[in-house]
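Dear colleague,

I am handing over the structure below, and after it I set out what was found in it. Please read the notes with the structure open beside them.

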Amino acid sequence: KGFINYYGFKIKQNKDKLYINYGLIKRINYTVPIDKINALVLKQSFLGRISKNYMAEIVNIGINDNEQNNQTFLLPYNKQDDLYKEINRLLPDYKTVLKRNINKQPKRVWFIWIINIVIYFVLTIVGYLLTKSYFTEYKTYILLGIIIIGILIIVLKILKYNTEGSIIENKYLIISKGYLEKKIIYIPYEKIQFLELKQNIIAKKLKIQKGNIYLLASSTNRIQKIPYFEENKTNFIKQVLLKKHK
């Protein structure tokens, strides 16, 4: 499918625009004004993570709004250094942030996740004990299912912790998310429409914060979730946003 979709891929930059075309059966051509790019996205499939290959997309408004994938394809899968060279050539403003190491979520996030896992086991076991007399033939399978789902939740949390994180700096907010796959989103502060911060009682005690940022983009990309980060960075984000939007 990828071979057919992206066959004959070509991209060039001319002044303040990118010209992109590709496709075997259906030829896609579009022009992207660089100042309309609201974020850069680097993606890795599970196999991409194993082979250390990335592909690049851009978030903007207007192109692909009615399609399931509302991001604009920028560069096909390639080795990290080669992809970085192409991005530096096409979008030099992102050059300084591409090689930054993502900060994982604070280890204290595990307290929140462990509480959620314990609640899951308590509720499901109680439900199992209350209903097992009605499903005597299947009680072993039900209990086994509860255990397997619980283990799967724990595995997913480990994958989430090893993948997700953020970088909060002066010019860009960088977010990493995923489980087996990975997506890194580079967002200039001036492209953020507004910020929504969330913090429950436990997170407040642990002094960690998460939230959402809203972009001027198509519906599937409009909201980007920020994984948990240190609470003391909240004021920094607010101050930078205020400066960028003056």
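K207 is found in the loop between α6 (201–206) and β12, where helices (H or I, at least four residues) and strands (E, at least two) are DSSP runs numbered from the N terminus. K207 has a positive phi of about 60 degrees although it is not a glycine, and at 53% relative accessibility it counts as exposed; here buried means under 20% relative accessible area, exposed over 50%, and partly exposed in between, with a 1.4 Å probe and protein chains only. Most residues other than glycine have a negative phi. K15, in the loop between β1 and β2 (17–22), also has a positive phi of about 60 degrees without being a glycine, and K15 is exposed, with a relative accessible area of 76%.

Before going further, please note that this is a predicted model, in which local features need pLDDT of at least 70 and side-chain atom pairs count only at pLDDT 80 or more, while totals for chains, interfaces and linings use all residues. Residues are numbered from 1 along each chain as its sequence is written, and side-chain values use heavy atoms, with hydrogens and water left out.

As for the chain as a whole, it has eight helices and 13 strands, and its C-alpha atoms fill a box of roughly 70 × 50 × 30 Å, taken along the principal axes. Of its 246 residues, 39% count as buried.

Next come the salt bridges, each defined as a side-chain nitrogen of Lys or Arg within 4 Å of a carboxyl oxygen of Asp or Glu. By this rule the count comes to six salt bridges. One of them joins the side chains of E57 and K43, at 3.8 Å from N to O, and this pair links distant parts of the chain, with E57 in strand β5 (residues 53–59) and K43 in strand β4, 14 residues apart. E57 counts as buried because its relative accessibility is 2%, whereas K43, with a relative accessible area of 23%, is partly exposed. R89 forms another salt bridge, with E86, the closest N and O atoms being 2.7 Å apart; because R89 and E86 are three residues apart in helix α3 (residues 80–90), they are separated by about one helical turn. R89 is partly exposed at 41% relative accessible area, and E86 is likewise partly exposed, at 27%. In a further salt bridge K160 pairs with E164, with 3.1 Å between the closest N and O atoms. K160 is buried, with a relative accessible area of 15%, and E164 counts as buried at 10%.

At least two lining residues each come from β4 (39–44), α4 (109–131), α5 (139–163), β10 (182–188), β12 (208–215) and β13 (223–230), and β13 gives the largest share, four residues. By class, the lining has eight nonpolar, seven polar and eleven charged residues, where Ala, Val, Leu, Ile, Met, Phe, Trp, Tyr, Cys and Pro count as nonpolar, Asp, Glu, Lys and Arg as charged, and the others, Gly among them, as polar.

Finally, F46, L47, I50, L152, L156, Y179 and L180 make a nonpolar surface patch of about 690 Å². Such a patch is made of residues with over 30% relative accessible area and no salt bridge, with nonpolar side chains (Val, Leu, Ile, Met, Phe, Trp, Tyr) joined within 5 Å, and the accessible areas come from the Shrake-Rupley method with a 1.4 Å probe, only the protein chains shown counting as cover for residues. α2 (46–51) and α5 each supply at least two residues of the patch, and α2 gives the most, with three. L156 lies in helix α5 and, at 34% relative accessibility, counts as partly exposed.

With best regards

How values were computed. Patch = residues over 30% accessible without salt bridge, like charges linked within 9 Å, V, L, I, M, F, W, Y side chains within 5 Å.
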